[in-house]
Amino acid sequence: FSTACYVIGLFGAMLGALVYAAWAVFANWSAGAPTALRIAAVHWVMSTLLTYYGTTIMRLFFGISGDALEGALIAFVCGLTFTYSVLIAVHQAIGTPHIALTLAAGVIPTVLFCGGYALLLLRTSRAAGAVTSSSAHGV
């Protein structure tokens with residue numbers, strides 16, 4: 001990939017994370033504006049980094065298994081587990097008063113992201129296997 005692809009990917013992650021940061025302000029407004037804004041800023045940074053590096057983490061988990069389907073399942077489960085472990089731990093550390101509400105807006109998109117990427121890994125792996133198999137048979 002070119003440097004431009006990485007920059008565009010980072011910009012996309014940053015832009016998408018703004019939605020979750022805005023939700024974090026709303027979810028924690030009862031704790032006061034300075035607290036809600038601090039929580040939103042931390043949540044924005046975490047969401048950006050988890051989105052940007054989440055695919056790398058899922059690829060690492062995918063490679064644990066020699067079986068593509070099993071690898072996709074491991075990538076999906078471990079990707080979600082890693083994401084929410086980090087989010088919950090950091091929000092506990094910074095004293096977020098409404099962690100569940102703060103994270104609620106991102107549950108469905110995160111499940112879809114991890115599921116979609118795990119399926120992409122599975123499809124790509126199977127397609128690469130088919131090409132390798134075809135090449136081995138002189139097709």
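**Note on helix α1 and its surroundings**

1. The buried residues of helix α1 are A13, A17, A21, A24, V25 and A27. These buried positions pack against two other helices, α2 (33-62) and α4 (99-104). An α-helix has 3.6 residues a turn, so residues three or four places apart point the same way.

2. The model is a predicted one. Its pLDDT averages 89 over the protein, and 91% of the residues score at least 70. Confidence is highest in helix α3 (residues 68-94), with a mean of 97, and lowest in helix α5 (residues 107-136), with a mean of 83. Where pLDDT is low, the predicted coordinates should not be read in detail.

3. The length of helix α1 (residues 3-27) was checked against its residue count. With 25 residues at 1.5 Å a residue, the helix should span 36 Å; the C-alpha atoms at its ends lie 36 Å apart, so the two values agree.

4. The C-alpha atoms of L15 and T48 are 8.1 Å apart in space, while the two residues are 33 apart in sequence.

5. H43 belongs to helix α2. H43 counts as buried because its relative accessibility is 4%, under the 20% limit. Apart from neighbours within four places in sequence, H43 is in contact with Y20, A21, A24, L87, H91, T102 and L103. Among these contacts, A21 and A24 are also buried residues of α1.

Note on methods. Residues are numbered from 1 along each chain as its sequence is written. This is a predicted model: local features need pLDDT of at least 70, side-chain atom pairs count only at pLDDT 80 or more; totals for chains, interfaces and linings use all residues. Side-chain values use heavy atoms; hydrogens and water are left out. Helices (H or I, at least four residues) and strands (E, at least two) are DSSP runs, numbered from the N terminus. The expected span of a helix is 1.5 Å times one less than its number of residues. Buried means under 20% relative accessible area, exposed over 50%, partly exposed in between (1.4 Å probe, protein chains only). Contact means heavy atoms within 4.5 Å. pLDDT is the predictor's confidence in each residue, from 0 to 100.
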